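Thanks for coming. I have one model to take you through, chain by chain and contact by contact. Please have a look at it first.

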Amino acid sequence: MRPVIPYVTAALLFGLGVYGVLRRRNAVLVLMAVELMLNAVNLILITADTTVQAVLPHGGQVFALFVIVLAAAEIGVGLAIVLQLYRMRADVAVDRIPLSEQPEGQR
Amino acid sequence: MSTTTLLGVLLPVVPLVASLAGLLLPPSPRGATIGQETARRAAVALGVAGAAGAFALAVALLATLDDPPESSTTWIELGGLTVTAGVRLDGAAALVAVAVTTVALAVQVYSTGYLKRGPHDDVDVDHRYPPYAAQVSLFTAAMLLVVVSGDLILLLVGWEVMGLCSYLLIAHDRRLPEAPAAAMKAFLVTRVGDVGFLLGIALLGVSAGSFRIADVLAHDHGTGTLTAACLLLLAGVAGKSAQFPLHTWLPDAMAGPTPISALIHAATMVAAGVYAVTRLWPLFEAAPTALAVLGVMASITLLLGALAATAQDDIKRVLAWSTVSQIGYMTGALAVGSPPAALFHLLTHAAFKALLFLAAGAVIHAVGTTLMSRMGGLRQSMPVTFWCTLIGLGALAGVPPLSGFWSKEGVLAAAEGAALHGDGPAPAWVGWLVWLAGLVGVALTAWYATRLLLRTFFGESRDPLAHPHDPPAVLRWPVLVLAVPAALLGLAGFPGWFSTQLQRSLPADPDAVSNLMPPDGLIHLSPTVLLPLALLVIGAGLAWVRWRRDDTADPAAALGPLRPVFARAFRLDDVQHTLVVRPTTALGRVARTVDERVVDGTVTGTGRAARALGGGLGTLHRAALPRAVTAVLAGALLIGLAAALIGVSA
Amino acid sequence: MTGVDALLLALGALAVGSAVLVVTTRHLVRAGLYLVVCLGAVAGMYLVLTAELVAWVQVLIYVGAVVVLLLFAVMLTRAPVGASDDLDRPGWPAALIGGGVGLGLAALLVDAYRWTTVELPEAGSAERIGAQVFGSWVLPFEVLSVLLLSALVGAIVLSRPDIGSAGADRSAGDGPATEDRERSR
């Protein structure tokens, strides 16, 4: 097995994820791009688990599991935020979220 | 501690305790747990008891005082300086204490009737009697502290407490619009003098290494130090005793209740200055320059007060200006080197001026105004008040054999001696100045006393609505009691126990015999006594002739164009206002502007700049979401690149 | 070049290709579907790399749950069914940074591993992973459960307008019109 193949795949996936996060305007698509990045990280962890002999066996796989759990939590909260945003503004474009106005009661 | 010393210590303590207890009473009894009448009765009891106790102590002190004792105990050590707490008692102190307590007792009794809701008053007039009585007691205690104190610092404490009490009491009547301003003026003007007094005391104490009066008197100060210290002390004396140019507060202080005027004029405030000089007399004796200044000050004050008194229409202001003039006699006597004469006049003045003020209070109480132009013809309706006022005015003008005649004669004799024979410590011209001013003052005093009497008690009543009557007993008895010393105290000046007491003070040096004090009595009858008598007759006669010609007109009309000038006391108030008050307020405004614009401006400017900076940074920071993400990731990429390149190169 | 390598290469190409489509397609729903393909390909790579449990978890959670959630979100935000034109922002910074990151990482990894080979370990079993998770990593595991719980509560609070502080929720719950009224008050 040549580990360079999954590694390069993971690197390219991560780059595509970054590109997607920066390029996309729709919040749901941004979340998808984030999923790509997380998967790239997972792929690196799994590949490293097979190629590097760690002190604790299968540390990489355990970490990958943890990351998957975190991703699930993240997607849950993230989608809740996106839906809330849509309810408030009828729009989910990230570059149209007004940040300059201050919420009430904070002055 | 001997009995005498104990009495001396207790003398200020008794009224002090009474006043502190009185201050605990509810000031405005409405709505308090104690009823109004209960609080008032308690205040009356405390005030009268305090004054009566002090009076009894003072009399006992005078009786037991055979050998002038001095006792002190160390109070504070300030570096190399020692401040002691002690009493220094001599005959003069005991006599002045008796006078102070007598007047205080009379005032306490009189006030119970005077500050009472009369039938003509509004229903809800609140006289705030408990704090009033307590402040009078405190005033008395402070004056007694000055009288018996054996230490300059202790004396200063009493001196300052008096200033505070005069402020509180002058402003007592809240219904009068001018009362707060008058109180502020009295406080500020005496404060100007007190700064000098404090500096003088500090100079003496530092020079002698101790603040004990005995040490200060015994120490050999240099001439320059002595003169400077005496001049500084004179500033304080001028402030408290209302001497030119710091006299302006005294007439305005008439805004206070009449008993307070009696207290201030007769016994406490104004007497304190003169008394302080006699207390430190050996120092002044060695500083002729200071005495010359004092003499000039006294002559000006004497004439100024007498002339101003001639044109006043307010009966209390006439008496106030006459006080200024009479204090001028006392300081004049000091300037020509005769403290016994000054103290003698102080005592007789205390008696007849308290009498006059309380009698005037009775008149005001009956008529309801202080203006003489609305009085007149009160002789029939108020006989007791009339006779008492007659005695008081006679004593003021110096009609023999009333008290004022003898004491004023003593002052004039001392001045004459200093002028003709040069036997005073100050130069002879000071003696001439005081003597001539005193002689002119006699005529002027007679004139305005006669005018006051005629305008108030003779002629037709000018206010047909009023139905005056003699005051109730609680007001009448203090007046009657005070009439006795006002009439007879002068006779005590003949050689005898009284004059011995007055002249015997603690010698600074046991060997030095006080050479200026004549061993005999205070009264020297000589042919020159006819001179003031003649002037007295001339002054009184002029006023009487003028009134005889037209008994409805004011004799002051004879002054012609000078009348408004005299009435406003040579416009010194305006001068003071222009030279002192306005520049000071202007300076205050400038300081306030600087404070508001520059100091506050810096502070608020700092705050505003910080807030603007924060806002600017916040705006920069609040980038849109995509831009922020781009920045973060680009930064991460750059850091990664840098790390990789460094790793490669390493 | 062994069969394993070929398999990995194919699956990698599939993953990268579908990922490219995810980030470039103009159809929102199709982006989600391409994501399924991509994640499935990655799961296949896990299988090849002898991480069976992770692969099935990936399929279950990612493909089964996360993507479904994303598709729901797409529908709930009333995304147009056809192609939309305003999905993208100006592309050159994204391309620069994304390309830089991807190619840079790839270059680093290529430089690190070149064309070396390693022996694949024998196929892993759930038992060994379970021993690790509940042995060495039990504390992070428990912490993670707390995190999941709080994420759950957070998601509920965020999506239920009648919970939480009154003002914010009223404006949040009633849509933009209420929001405007709130602001003008």
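Predicted model: local features only at pLDDT ≥ 70, side-chain atom pairs only at ≥ 80, totals over all residues.

Residues are numbered from 1 along each chain as its sequence is written, chains are lettered from A and ligands numbered from 1 in the order in which they are written, and side-chain values use heavy atoms, with hydrogens and water left out.

Chain B, then. Its secondary structure comes to 25 helices and 2 strands. Helices here are DSSP runs of H or I with at least four residues, strands are runs of E with at least two, and both are numbered from the N terminus. Of the 650 residues of chain B, 54% count as buried. Buried means under 20% relative accessible area, exposed means over 50%, and partly exposed is in between, with a 1.4 Å probe and protein chains only. The chain exposes about 26,200 Å², and carbon and sulfur atoms supply 69% of that. The areas come from the Shrake-Rupley method with a 1.4 Å probe, and for residues only the protein chains shown count as cover.

On contacts, meaning heavy atoms within 4.5 Å: among those in chain B with a separation of 6 or more, 80% are between residues 24 or more positions apart. One pair to look at is Leu343(B) and Leu95(B), 248 residues apart along the chain, with C-alpha atoms separated by 9.2 Å. Leu343(B) sits in helix H15, residues 339–367, and counts as buried at 4% relative accessibility.

Is Gln135(B) buried or exposed? Gln135(B) is buried, because its relative accessible area is 12%. Leaving out residues up to four places away in sequence, Gln135(B) touches Cys165(B), Leu168(B) and Leu169(B).

Now the surface of chain B. Which residues make the nonpolar patch of about 350 Å²? They are Leu6(B), Val9(B), Leu10(B), Val13(B) and Val17(B). Patches are made of residues with over 30% relative accessible area and no salt bridge; like charges are joined within 9 Å, and nonpolar side chains (Val, Leu, Ile, Met, Phe, Trp, Tyr) within 5 Å. Val13(B) lies in helix H1, residues 3–23. At a relative accessible area of 34%, Val13(B) is partly exposed.

Next, the backbone. Most residues other than glycine have a negative phi. Ala242(B) is not a glycine, yet has a positive phi of about 60°. Ala242(B) is in the loop between helix H8 (223–240) and helix H9 (249–252) of chain B, and is buried at 0% relative accessibility. In chain C, Arg114(C) also has a positive phi, about 45°, without being a glycine. Arg114(C) is in the loop between helix H4 (92–113) and helix H5 (126–134) of chain C, and counts as exposed at 53% relative accessibility.

On to the interfaces. Between chain A and chain C, 72 residues of chain A are in contact with 89 residues of chain C. The buried area is about 7,600 Å², and carbon and sulfur atoms give 74% of it. Buried area is the accessible area (1.4 Å probe) that two parts lose on being put together, summed over both. Met1(A), Arg2(A) and Arg24(A) supply 10% of the area that chain A buries against chain C, more than any other three residues.

How many salt bridges cross this interface of chain A and chain C? The rule finds 1; a salt bridge is a side-chain nitrogen of Lys or Arg within 4 Å of a carboxyl oxygen of Asp or Glu. Arg2(A) forms one with Asp5(C), the closest N and O atoms being 3.4 Å apart. On the side of chain A that touches chain C, H3(A) gives the most, with 26 residues.

Last, chain B and chain C. The contact takes 6 residues from each of these chains. The area buried between them is about 450 Å², with 85% from carbon and sulfur atoms. In chain B, Pro626(B), Thr630(B) and Leu637(B) lose the most area to chain C, together 68% of what that side buries. Across this interface the rule finds 0 salt bridges.

That is the tour.
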